[in-house]
Amino acid sequence: MTSLETSTTGALVGRDGQRRSWKLPIVYGVLTLLGLVLLVALGRDGAASFALSQSGDAVTLPPLVLPARVTGIVAVLVAAACTAWSVRLVTAHRRQPLWLPVVFALVLVVGLLAWATAGNTLPVPGLLAGSLALSVPLIFGALGGVISERVGVVNVAIEGQLLAGAFVSAVVGSLTHSLAAGLVAAMVAGMLVSFVLAAFAIKYLVDQVIVGVVLNVLVLGLTSFLYSAILVPASGVLNSPPQFTPVRIPVLSAIPVIGPVLFDQTVIVYLMYVAVAAVTFGLFKTRWGLRLRAVGEHPQAADTVGISVSGTRFWNVSLAGAIAGLGGAYFTLAAVPSFSKDVTSGAGFIALAAVIFGQWNPVRATLAALLFGFASNLQNVLGILNSPVPSDFLLMLPYVVTIFAVAGLVGQVRGPAAAGKPYVKG
Amino acid sequence: MKLELRGITKRFGPLVANDRIDLVVEPGEILCLLGENGAGKSTLMNVLYGLHRPDGGEILLDDAVQHFSGPGDAMRAGIGMVHQHFMLVPVFTVAENVMLGHEATRFGGRLDLAAARAKVKEISDRFGFDVDPDARIEDLPVGVQQRVEIIKALSRDARVLVFDEPTAVLTPQETDELMAIMRQLKSAGTAIVFITHKLREVREVADRITVIRLGRVVGEASPTATNAELASLMVGRSVELTVEKAPPTLGADALVVEDLSVHDANGAALVDSVSFTVKAGEILAIAGVQGNGQTELTEAILGLQSGVSGRILLDGQPLTGRSVKGVLAAGAGFVPEDRQHDGLVPEFTIAENLMLDRSDGPPFVKGGTVQTADLNAFAEQQLAEFDIRAQGITTRVGRLSGGNQQKVVLARELSRDLRLFVAAQPTRGLDVGSIEFVHERIVATRDAGIPVLVISTELDEVVALADRIAVMYRGRIVGIVPADTPRDVLGLLMAGETAPAVAA
């Protein structure tokens with residue numbers, strides 16, 4: 001036994017460089033250095049004021065005032081401590097806890113906000129509400145992605161489903177003057193895109209990623225053509241749908257800061273809350289979810305207990321399309337009451353990133369989508385505040401966050417085992 | 001429940017996989033379906049289980065004709081199947097796997113996991129299985145996973161139970177336990193169909209034996225028949241079950257492996273400080289149940305693994321740290337365990353496959369062009385020498401039978417000047433005729449003075465070929481024993497008992 005012990009440790013020492021992941025500490029270190037340069041070396045003096053309430057809120061809080069440079073220094077110090085802790089964990093072969101990246105990101109974001117708002121006022125509820133608004137379609141798209149991939153069909157066509165939902169809901173909403181009809185039409189449109197994906201992927205065994213990419217291009221081309229050819233000449237009739245108005249939920253909306261953000265919203269947002277809860281419950285607690293996951297993990301096992309693999313895949317991919325279609329309706333029935341070319345502008349791909357970053361779990365994918373929405377909105381808010389960051393750089397922000405989140409912080413995650421693999425009986 | 005098959009015929013294109021097969025299994029009876037790989041056993045059972053539609057014939061349960069349009073129908077009728085490759089979702093728990101397909105639900109559509117757990121507990125207590133309903137399948141040893149498959153079938157009140165090659169993945173001890181379970185099920189009145197090609201197991205539990213060859217029932221035998229009788233029924237001619245070999249002429253230490261370890265990306269040891277020596281002119285066979293580090297060990301020797309530490313010396317020259325090409329240049333020949341995946345390019349012709357490892361220089365490539373004439377002459381010669389049954393050297397390898405594919409691999413590897421020969425699962429999935437041929441070639445290689453390392457999960461093969469036997473368990477060599485070691489001792493070693501404990 002003794003000889004075994006020593007040889008095992010010997011082997012471990014020999015494997016250091018290649019086996020241990022230094023990815024996280026390196027990412028932390030680089031970001032901390034960037035923070036040091038920006039927040040301390042290029043630090044700005046002056047007080048950053050964070051407004052916590054808007055006029056009309058039930059509870060009015062005084063604004064939070066932070067000195068920008070000191071906040072920056074504190075943030076960098078905490079970030080450095082996180083980095084050091086992470087290095088320690090790696091050398092000690094311990095797992096990186098989930099709170100570490102959360103704390104790290106939070107302090108740097110606060111530091112960055114203080115730096116950017118120095119001498120100015122930042123409306124926090126506005127920042128958060130804007131983030132939520134940008135996240136809603138991402139969340140619907142991500143839920144569609146989670147369902148589709150869990151059942152074993154890679155859904156790259158989220159973008160196409162969103163865009164189809166946006167276009168059709170705008171047209172149907174304009175023609176019928178009915179919001180409900182618009183929503184239903186959006187779901188049908190998303191489903192139609194899914195039908196094509198499902199038919200090619202399940203029946204004809206075409207590579208699912210290729211079908212998805214082609215569908216995205218097809219829907220983009222089709223909606224852009226129809227927009228120019230039909231919607232623009234008759235925009236009064238075909239492209240002026242009614243718009244959802246916010247509904248304030250009593251009591252809950254009175255919670256300071258987050259109350260108005262979360263509970264003074266349009267029906268679509270409330271639908272989104274319900275969808276997240278329903279998909280989570282359904283996926284993990286019901287027969288539907290058990291069968292769906294079995295088909296995505298081990299289709300043959302499902303087949304041999306009498307579950308129809310093709311049927312389960314077909315209808316759940318369709319359901320995924322319907323949910324993503326709802327996200328599309330948000331663009332044209334809630335955000336801006338009209339359709340324009342490529343109105344989704346890549347939201348479907350960010351939703352896809354949220355699916356992976358969220359490890360195919362609806363709640364985590366929702367949180368990932370919120371993070372991406374926040375990054376997008378940060379760009380808007382910082383632009384308004386005349387912060388000294390070039391606007392072109394800010395435009396990059398959401399995508400940079402997406403890349404880092406998916407490539408860097410995910411590490412090793414395991415998706416559904418049979419995702420992307422067509423099932424052939426026999 | 002009485003199962004009867006009448007005149008079952010199943011065709012795949014021009015191939016007749018089952019030709020008018022008749023079978024009867026009475027309740028409380030174990031019928032063994034004996035046949036070589038490719039004889040049509042599994043096809044027949046897939047027809048029975050509703051996975052394939054028969055082209056002719058009918059299935060009767062208690063004399064009532066059944067029409068199955070899918071496995072669901074077969075299950076509802078009372079047929080259960082323990083598949084060769086377990087049909088269990090690895091990330092689900094035992095209870096979730098058992099309930100899948102006939103889930104009980106409570107208010108609001110919630111899964112009734114408590115009921116499923118109770119069901120698992122009840123069945124596992126009845127048969128003394130000791131299975132935790134909340135364990136995840138991927139964390140369980142294969143023997144336990146198989147019990148979950150049995151529980152799954154029993155939880156649907158299966159009265160006819162089909163075991164498809166159930167012992168392929170089990171240790172000898174687990175096999176004995178399975179036999180006991182089968183007898184227990186039999187005495188509870190279940191009708192059992194036991195599909196296998198292992199003669200010893202057949203004789204141990206069968207009440208009746210039906211032999212299938214080339215899709216037809218070729219005979220019935222009683223469990224008292226000798227191995228030779230059964231084997232000749234199975235193959236259609238008399239077979240030599242042992243390998244003719246003279247005592248080895250041992251040379252110097254040729255392959256020396258010292259303290260070899262292989263770790264996966266998470267740092268878990270797949271091969272754990274393994275040391276052994278193979279002399280020139282000796283066959284060292286590595287026995288063990290599938291998945292105990294044998295694959296990683298051979299791949300480490302061939303330079304296919306990362307995360308390798310320790311030393312591998314061939315004739316005093318280190319092999320560790322060399323590229324695969326470097327290892328091959330040092331004189332290593334390798335038969336990989338998955339010939340279709342690692343050994344051959346199925347879309348290439350026989351001739352092309354024969355030159356795969358010599359594609360960057362003479363004799364087959366000169367000045368960057370393939371010397372077709374030389375290659376074809378070489379291929380024709382190998383075709384004859386290795387008795388590869390094919391239309392010609394331009395036949396695509398993917399169209400050959402498993403035995404002929406393996407002969408192509410052997411022909412390629414043995415046609416070089418070897419200083420080491422490594423054969424992993426050399427006869428997996430082959431017919432008896434091809435097995436004989438492969439074994440002869442391996443022994444001939446040894447007799448030419450080359451050190452040979454054979455890795456096999458088939459104890460019969462290990463015992464037949466080896467001059468010495470090393471047993472691997474969980475990445476470690478638990479013992480290196482002489483070839484005449486009794487099977488039960490080998491079995492204990494394969495289950496992880498260490499050598500001294502076995503001796504005591």
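Visitor: How many salt bridges are counted between domain 1 of chain A and domain 2 of chain A?

Guide: The count between domain 1 of chain A and domain 2 of chain A is 0 salt bridges, a salt bridge being a side-chain nitrogen of Lys or Arg within 4 Å of a carboxyl oxygen of Asp or Glu. This is a predicted model, in which local features need pLDDT of at least 70 and side-chain atom pairs count only at pLDDT 80 or more, while totals for chains, interfaces and linings use all residues; side-chain values use heavy atoms, without hydrogens and water. Residues are numbered from 1 along each chain as its sequence is written, and chains are lettered from A and ligands numbered from 1 in the order in which they are written.

On the side of domain 1 of chain A that touches domain 2 of chain A, helix H4 (residues 99-117) of chain A has the largest share, 5 residues; helices (H or I, at least four residues) and strands (E, at least two) are DSSP runs, numbered from the N terminus. By class, that side has 9 nonpolar, 4 polar and 2 charged residues. Here Ala, Val, Leu, Ile, Met, Phe, Trp, Tyr, Cys and Pro count as nonpolar, Asp, Glu, Lys and Arg as charged, and the others, Gly among them, as polar.

The domain assignment, automatic or from a database, gives domain 1 (16-119) and domain 2 (125-393) of chain A. The contact (heavy atoms within 4.5 Å) takes 15 residues from domain 1 of chain A and 15 residues from domain 2 of chain A. About 1100 Å² is buried between these domains, with 77% from carbon and sulfur atoms; buried area is the accessible area (1.4 Å probe) that two parts lose on being put together, summed over both. Leu52(A), Leu113(A) and Ala116(A) supply 30% of the area that domain 1 of chain A buries against domain 2 of chain A, more than any other three residues.

Next comes the contact of the chains. Chain B gives 41 residues and chain A 28 residues; the area buried between them is about 2800 Å², and carbon and sulfur atoms give 59% of that. The rule finds 2 salt bridges across this interface. Arg291(A) pairs with Glu103(B) in a salt bridge, with the closest N and O atoms 2.8 Å apart. Residue pairs in polar contact between chain B and chain A, both at pLDDT 80 or more, number 6. H2(B) gives the most to the side of chain B that touches chain A, with 3 residues, and the classes on that side are 15 nonpolar, 15 polar and 11 charged residues.

Over all chains, the structure holds 39 salt bridges. One of them joins Asp134(B) and Arg117(B), with the closest N and O atoms 2.7 Å apart. Asp315(B) and Arg419(B) also meet in a salt bridge (2.7 Å, N to O). Asp315(B) lies in the loop between strands S14 and S15 of chain B and Arg419(B) in the loop between helix H14 and strand S19 of chain B, so this pair ties together parts 104 residues apart in sequence.

How values were computed. Polar contact = N/O pair within 3.5 Å; in protein donor to acceptor, adjacent residues only side chain to side chain.
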